[in-house]
Amino acid sequence: MLQAQESLTFHDVAVDFTWEEWQLLDPDQKNLYRDVMLENFSHLESVGYQASKPDALSKLERGEEPWTAQDELHRVVCADISNSVHPGITWDAPYMLSSLLESL
């Protein structure tokens, strides 16, 4: 029996690092990450995925760091605020925002 399948998103196949984890990677590991993430996005586009390329991926493509310490600080602050409002619930604010934008 065939079952309906949900649409796959880039977030479903992306590997996320914290800023601290990213700093621990050597240049070859960062290059491999860039290549794999760009290839994953390309594969999704080839099967009809229609969404703009995530900012971090565009930065990697240009040879830049995917995020800054300020980006990480913003993520941590948002998580702390969310946890104080809803204790025990883990929130991924960047993913929630990108999902919201994709649904528009």
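**Aromatic pairs**

Start with Phe17: its relative accessibility is 24%, so Phe17 counts as partly exposed. Keep in mind that this is a predicted model.

What does Phe17 pair with? Its partner is Trp22, and the pair is tilted, with 6.1 Å from centre to centre and 55° between the planes. Trp22 itself is buried, at a relative accessible area of 1%.

Trp22 also pairs with Tyr33. Here the ring centres are 5.4 Å apart and the planes stand at 70°; the cut-off for edge-to-face is over 60 degrees, so this pair is edge-to-face. Tyr33 has a relative accessible area of 13%, and because buried means under 20%, Tyr33 counts as buried too.

Searching the whole structure gives 5 aromatic pairs. There is also an aromatic cluster, made up of Phe10, Phe41 and Tyr49.

Now the background. The protein has 6 helices and 0 strands, running α-α-α-α-α-α from the N terminus. Of its 104 residues, 19% are buried, Trp22 and Tyr33 among them. The accessible surface is about 7900 Å², and carbon and sulfur atoms hold 57% of that. Last, contacts: taking those with a separation of 6 or more, 55% are between residues 24 or more positions apart.

Definitions and conventions:
Residues are numbered from 1 along each chain as its sequence is written. This is a predicted model: local features need pLDDT of at least 70, side-chain atom pairs count only at pLDDT 80 or more; totals for chains, interfaces and linings use all residues. Side-chain values use heavy atoms; hydrogens and water are left out. Rings of Phe, Tyr and Trp (its six-membered ring) pair if their centres lie within 6.5 Å; planes under 30 degrees apart count as stacked, over 60 as edge-to-face and the rest as tilted. Buried means under 20% relative accessible area, exposed over 50%, partly exposed in between (1.4 Å probe, protein chains only). Helices (H or I, at least four residues) and strands (E, at least two) are DSSP runs, numbered from the N terminus. Contact means heavy atoms within 4.5 Å. Accessible areas come from the Shrake-Rupley method with a 1.4 Å probe; for residues, only the protein chains shown count as cover.
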